[in-house]
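Work through the exercises below with the sequence and the 3D structure at hand. Each task is followed by its solution.

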Amino acid sequence: MHSFRFDPVNLPPEVDRLRQEVREFLADQLSSGLITPHRNSWGSFDPDFSRECGRRGYIGMRWPKQYGGHERTALERYVVTEEMLAAGAPVGAHWVADRQSGNNILAHGSEQARQAILPEITAGRCFFSIGMSEPNSGSDLAAASTRAKRVEGGWRITGSKVWTSGAHRNHYLIALVRTAPRGEDRHAGLTQFIVDMNTDGVTTRPIYNLYGGHDFNEVIFDEAFVPDHMMIGKEGDGWRMVTGELAFERSGPDRFLSTFQLLRQLIDKLQENADKHERIALGRLLSHLTTLRIMSLSVAGMLERGDSPNLEAALVKDIGTAFEQEIPEIARLLVDAEPSLSHGQPFNESLARAILTAPSFTIRGGTREILRGIIAKGLGLR
């Protein structure tokens with residue numbers, strides 16, 4: 001029987017100093033009107049802000065200086081991420097590239113790809129999408145049927161990916177595709193490629209969400225050519241790299257702070273006249289938030305040590321996204337307000353957007369059912 005491991009992490013003084021630096025930067029950005037708090041920070045898109053983050057060294061913080069990085073620690077990166085999300089900063093443009101795609105390229109990409117792409121990411125000028133899920137497979141990534149066939153100088157990719165957030169405006173997509181037929185081992189024969197979104201044969205079709213927003217897309221590949229140097233790792237290594245990559249995607253504060261702005265507004269709305277039951281409800285939410293933060297920070301400590309905390313990351317994501325969904329439900333019970341997308345009433349607008357987007361929280365980054373299967377397997381229960 002296996003078990004979870006969430007060792008406590010004590011932040012060193014230099015990390016606390018960095019936190020204060022980032023808070024002052026964000027306060028200046030907000031007070032000057034250069035940015036406004038977003039309801040979902042990492043779902044935003046502001047290339048100008050991303051370039052400013054790059055200029056200040058807040059992107060690619062852990063990467064080697066030879067690729068434009070800053071050789072900071074995972075804990076330093078964690079507090080920058082946490083402060084950005086808590087303030088509602090518009091980090092969405094560089095989010096995926098910084099969180100996981102760049103790490104994947106750094107660890108497994110060709111030297112040509114590293115030299116060409118990583119410095120652009122750290123400068124806040126290069127943005128990525130994730131090409132894992134497919135129309136008929138969803139979170140069952142091993143069911144991928146998009147295929148790549150070898151040709152002179154590279155590969156031709158045919159198939160489609162779905163729920164590719166930001167693909168209509170990002171520069172690259174890392175696609176998980178089949179380079180060998182599926183056999184008894186469903187995880188074999190999968191390979192990852194970096195696809196330039198301007199490549200001939202790549203088409204992006206919008207998928208509109210419940211409130212008419214355009215974040216998601218379907219990306220269709222029709223014999224799209226990818227050169228050899230844009231393969232990540234070795235042929236057939238895709239599954240191993242994807243599972244490692246998901247630890248970055250599933251464990252960060254973005255998995256429990258998506259509705260944090262609504263929680264802040266709820267506290268502001270109730271703090272003066274809250275009755276006993278309302279204070280209990282707020283205390284419960286804040287205690288859950290504190291626990292999730294401790295767990296997520298522990299995973300950051302594991303990543304700093306070079307561990308692969310896939311099991312712990314899956315648990316943080318499962319519990320964290322359930323918490324994110326709970327906030328608008330509690331807010332509806334505590335405050336008599338009409339959810340509305342019209343501007344002028346910040347709480348009502350935040351509540352409306354949270355209600356509309358919350359159903360997706362337990363889907364993105366791996367559905368709850370898939371995650372609980374991973375957790376059960378990791379605990380030796382299946």
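**Exercise 1.** Which residue in β3 does V151 stand opposite?

*Solution.* The model is predicted, so local features need pLDDT of at least 70 and side-chain atom pairs count only at pLDDT 80 or more, while totals for chains, interfaces and linings use all residues. Residues are numbered from 1 along each chain as its sequence is written, and side-chain values use heavy atoms, without hydrogens and water.

Step 1: locate the strands, β2 at residues 147-151 and β3 at residues 154-162. Strands (E, at least two residues) and helices (H or I, at least four) are DSSP runs, numbered from the N terminus.
Step 2: β2 and β3 pair in the antiparallel sense over five bridges; pairing requires that DSSP finds at least two bridges between two strands.
Step 3: the residue opposite V151 is G154.
Step 4: two residues lie between the strands of this hairpin, and G153 has a positive phi near 85°.

**Exercise 2.** Describe the sides of strand β1 and its pairing with β4.

*Solution.* Step 1: in β1 (residues 128-131), F128 and I130 point one way, whereas S129 and G131 point the other way. In a regular strand, side chains alternate between the two faces of the sheet.
Step 2: all four are buried, that is, under 20% relative accessible area (1.4 Å probe, protein chains only).
Step 3: β1 pairs with β4 (residues 172-178) in the parallel sense, over four bridges. I130 has I174 of β4 as its bridge partner.

**Exercise 3.** Find the residues with the most contacts inside the largest nonpolar core.

*Solution.* Step 1: a nonpolar core is a set of buried Ala, Val, Leu, Ile, Met, Phe, Trp, Tyr and Cys residues joined through side-chain atoms within 4.5 Å.
Step 2: the largest one has 88 residues, and M84, F128 and I194 have the most contacts inside it. Helix α3 gives the most to this core, with eight residues.
Step 3: leaving aside neighbours within four places in sequence, M84 is in contact (heavy atoms within 4.5 Å) with residues including V22, F25, C53 and Y58.
Step 4: a second, separate core has ten residues, among them L311 and L371.

**Exercise 4.** Why does N348 count as buried?

*Solution.* Step 1: N348 is found in helix α10 (residues 346-357).
Step 2: N348 counts as buried because its relative accessibility is 11%.
Step 3: not counting residues up to four places away in sequence, N348 touches A337, E338, P339 and S340.

Technical notes: Buried < 20%, exposed > 50% of the residue type's maximum accessible area, 1.4 Å probe, protein only.
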